[in-house]
Amino acid sequence: MTSRYIAIDWGSTNLRAWLFQNGDCQESRKSEAGVTRLNGRSPEAVLAEVTRGWRDDATPVIMAGMVGSNAGWKIAPYLPCPARFSDFGRQLTTAAPNVFIIPGLCVEQANNRNVMRGEETQLLGARALQPAPLYVMPGTHCKWVRADSEQVSDFRTVMTGELHHLLLTHSLVGAGLPAQETSREAFQAGLAQGLETDAPLARLFEVRAAHVLGTLPREQVSEFLSGLLIGSEVASMVRQWQPDPQQPITLVAGQALAERYRQALSALNIRAQVLEGDTAFQAGIRSIVHAVAE
């Protein structure tokens, strides 16, 4: 591949694109044309629109995310775990001339069946920038990933972000609430409760009861619920993974969300280092481009 390339993170609801030249990002663009929001347009048309003025026939496009799913442009088969990092760039799927999709990862075990798309590229970058034995990738579906310098051995998915959204917008917990406000105190109160409970489902209705009875401000329900869910997730996953307190976990996320998880981990005496998700993704794409060029 050439020194000029385009990297694309194409998810279900959004698309982000970066133009690189000699390893440096020249320009970036965003679009709401995720694979579930094409509105009758073809993926080829959306790609042409978002990369207008960037590419000619010699400029490769490397994509990751839901674009490689059965709802996307073309299925990019999953690599089964344990999966070697070096294989990510060796099994690209061609969607169009000089347009490639990075494979996702899957786990198929009796006690764990999991898939990921997009996060595998962030992992590749995180391994180079902030290596750790355990990576936590918060988001709509948070990934907890065990890896070493050579391969991804296992991962789990926790639907914390989606559950927060569903409870707040489509359940009795959030019914009739006013606009929500940021509250560090409410988040920390929810976090403390989430970290200590072994039965988070039994505590969810209490969130509604608390604001109905006036002990939780109605404008702070979102923050308390966020703390409760994140605390429960982190406590349960730390019990399962048993991370070494002497080795920091790498959190791959935006600063605001990463800080919430960092607080939860710190309460359990687990250290965490933070890596911005876009930075990890771009580093992962760059390593694949370099590997393919060799």
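## Briefing on a predicted protein chain

F88 sits in the loop between strand 6 and strand 7. Helices (H or I, at least four residues) and strands (E, at least two) are DSSP runs, numbered from the N terminus. The structure is a predicted model, in which local features need pLDDT of at least 70 and side-chain atom pairs count only at pLDDT 80 or more, while totals for chains, interfaces and linings use all residues. Residues are numbered from 1 along each chain as its sequence is written, and side-chain values use heavy atoms, with hydrogens and water left out.

**Overall form**

- The protein chain has eight helices and 15 strands.
- For 294 residues, a compact globule would have a radius of gyration near 19 Å, and the 20 Å of the protein chain agrees with this. The radius is taken over C-alpha atoms, and the globule rule is 2.2 Å times the number of residues to the power 0.38.
- Along the principal axes, the C-alpha atoms fill a box of roughly 65 × 45 × 35 Å.
- Of the contacts with a separation of 6 or more, 64% join residues 24 or more positions apart; contact means heavy atoms within 4.5 Å.

**Surface and charge**

- Buried residues account for 50% of the 294 residues. Buried means under 20% relative accessible area, exposed means over 50%, and partly exposed lies in between (1.4 Å probe, protein chains only).
- The accessible surface is about 13,700 Å², and carbon and sulfur atoms hold 50% of that surface. Areas come from the Shrake-Rupley method with a 1.4 Å probe; for residues, only the protein chains shown count as cover.
- The chain carries 26 positive and 29 negative charges, with mean positions 2 Å apart. Lys and Arg count as positive and Asp and Glu as negative, whereas His and the chain ends are not counted. Each charge is placed at NZ of Lys, CZ of Arg, CG of Asp or CD of Glu.

**The largest nonpolar core**

- A nonpolar core is a set of buried Ala, Val, Leu, Ile, Met, Phe, Trp, Tyr and Cys residues joined through side-chain atoms within 4.5 Å.
- The largest such core has 33 residues, and those touching the most other members are F88, L105, L123, V145, V152 and I285. Helix 8 (residues 277-293) supplies the largest share of this core, five residues.
- F88 counts as buried because its relative accessible area is 0%. Beyond its neighbours within four places in sequence, F88 contacts L79, A83, I102, P103, L105, E120, L124, V152 and I288.
- F88 and I285 are 197 residues apart in sequence, and their C-alpha atoms are 10.0 Å apart in space.
- L123, again leaving aside neighbours within four places, touches F85, M116, Y135, M137, V145 and V152.

**Backbone exceptions**

- Most residues other than glycine have a negative phi, and most peptide bonds are trans.
- The peptide bond from C81 to P82 is cis, with omega near 5 degrees. P82 belongs to the loop between strand 5 (79-80) and strand 6 (83-84).
- N98, which is not a glycine, has a positive phi of about 65 degrees. N98 lies between strand 7 (93-96) and strand 8 (99-101), in a loop, and is partly exposed at 25% relative accessible area.
- N269 has a positive phi near 65 degrees. The loop holding N269 runs between helix 7 (255-267) and strand 15 (272-275), and N269 is exposed at 61%.

**A buried serine**

- S222 is part of helix 6 (residues 221-241).
- S222 counts as buried because its relative accessibility is 12%.
- Apart from neighbours within four places in sequence, S222 contacts H164, L168 and Q180.
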